[in-house]
Amino acid sequence: TAGGKTLIATLAMIHNLLQKRQAKIVYIAPLVALTYEKYEYFKKLFDKEFKVAISVGDLDSTDNWLVDYDIICITTEKLDSLLRHNVPWVKSIGLIIVDEIHLLNDSSRGPTLEVLLTKLMQIVPRAQIFGLSATISNADELAKWLNATLVLSDFRPVKLYEGVYFDSKIHFDEKDSYQLNSSEEAENAIVENTLNFNKQALIFTSTRKSAESLAEKLCKTTKFKLKRQENFQLEALSNEVENVLEYPTQQCKKLSKCIKLGVAFHHAGLLGTQRRLIENNFRNGLIKIIIATPTLAMGVNLPAFRVLIRDAKRYYPGLGATYIPVLEYKQFVGRAGRPNYDTFGESILLAKSEEEAKDLIKHFIYGQPENITSKLAIEPILRMHTLALIASEFCNSEETIIEFFNKTFYAFHYGEISLVQEKIYEILEQLFEWKFITKSKNRINPTRIGKRVSELYIDPLTAHDFLEALKISLKKQVTEFSILQIMSNAIEM
């Protein structure tokens, strides 16, 4: 993190733009916020010479206007959706930059990225693929799959000290400990200490609710540390954040109250404008503390002097409360230390006892990030992408579908796809039964409804349930409650 990956990607873009005037560049990012950040950066840098566009959001739109642009900043799902709509300009892509490529490991976003890259390697085999990440243990394996050259660097412009808090002290291995205010709760004591240094902190919690409640709790510490001029500026910012909507919600009011005292919570439930106001005012030093859910760690450039990981454990269905992945921890702590502002950064884990502190040090500080593995075998995801391959006419038989999955990272990593193959045959039977595909001789074709389901980016099972419900609705009295019930029953919910 902060080691100059974007700079290297930018050099690749300049090279591509100068060498191949007709070739497009796509910059794929996992989050809308990160896509906007990169768009603003590249627009400022390239706009006099080249046309820069951003495409996020509506997954049922073809965005035909993109044909006229040289650089397109886009989310993974949006580009995958454009391929489903068979947009012709994809064939003119010369450079594909994949930011945060370690998200192949993410069970919700990873499979779409994996399928998208497998498709692109076939549609534009001559295009250069450029993957960026700060945390991959098996990077060599990923490079081989992409037929890429691996470039490794451990350069970090700002020294990072990783520590653990317990018994009113922050303990570091490589530097002196800090003795904190023992009359305060851990988070408040750490924030007080941070503000005494005239620095800022990012705090990561596991849920939106805990981010909001911690922000409110920290206000009693920050309010005594603000300068008179900052109070006036925060008052104005607080009003702006509260009145983003015509009628402020309870959340808007809560956020506004916290911002007035120099603290903000940040999660996916906020409005885009509110998130951007928080990010910009944290960068300029007005907001002192941000309490965020894990999504903020995905590449958005918000460095702070100090990062506190409040929740080293998270609840996972079927597993209970277990440690977060080391890979995720490394992403969090990577936010600590701001180039141009700090000579070093600090990260802190919270422990309740010396025993727990030792365990956290061993597990996280000296731990290695987990290997990236494919999550493609998850059935709803497989079902969705199998229909998409047929609907976009990328594959038109059982053989071509199996051939496609044999080119994925899943097949590369595990050496064969027998488990996935069995599931694919079952899925094809389901799609045929639900009338989303038709079979004739050795050929598989999408039906009109099958094509539409794929374009709408919903699980075929959800679409089937909706269609069955619509049939029943012809014979029964339907209320708003009936519609809410079928929507709530969808796997996406």
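Let me begin with a group of charged residues, Glu185, Glu187, Lys217, Arg310 and Asp311, which are linked in a network of salt bridges, a salt bridge being a side-chain nitrogen of Lys or Arg within 4 Å of a carboxyl oxygen of Asp or Glu. What we have is a predicted model, in which local features need pLDDT of at least 70 and side-chain atom pairs count only at pLDDT 80 or more, while totals for chains, interfaces and linings use all residues. Residues are numbered from 1 along each chain as its sequence is written, and side-chain values use heavy atoms, with hydrogens and water left out.

A search of the whole structure finds 24 salt bridges, and I would like to go through a few of them. Asp80 forms one with Arg84, where the closest N and O atoms are 3.4 Å apart, and because these two residues are four apart in helix H3, they are separated by about one helical turn; helices here are DSSP runs of H or I with at least four residues, strands are runs of E with at least two, and both are numbered from the N terminus. Arg84 is buried, with a relative accessible area of 3%, and Asp80 is buried too, at 0%, where buried means under 20% relative accessible area, exposed over 50%, and partly exposed in between, with a 1.4 Å probe and protein chains only. Asp80 also forms a salt bridge with Lys119, with the closest N and O atoms 3.3 Å apart, and this pair links distant parts of the chain, since Lys119 lies in helix H4 (residues 110–123) and Asp80 in helix H3, 39 residues apart.

Another such pair is Glu230 with Lys288, whose side chains meet at 2.7 Å, N to O. Glu230 lies in helix H8 (residues 228–242) and Lys288 in the loop between helix H10 (272–283) and strand S11 (289–292), so the pair ties together parts that are 58 residues apart in sequence. Glu230 counts as buried at 11% relative accessibility, and Lys288 counts as buried at 10%.

Finally, let me turn to a pair of strands. Strand S13 (residues 313–316) and strand S14 (residues 320–323) pair in the antiparallel sense over four bridges, pairing being called when DSSP finds at least two bridges between two strands. Lys313 stands opposite Tyr323 in S14, and in the hairpin of S13 and S14, with three residues between the strands, Gly318 takes a positive phi near 85 degrees.
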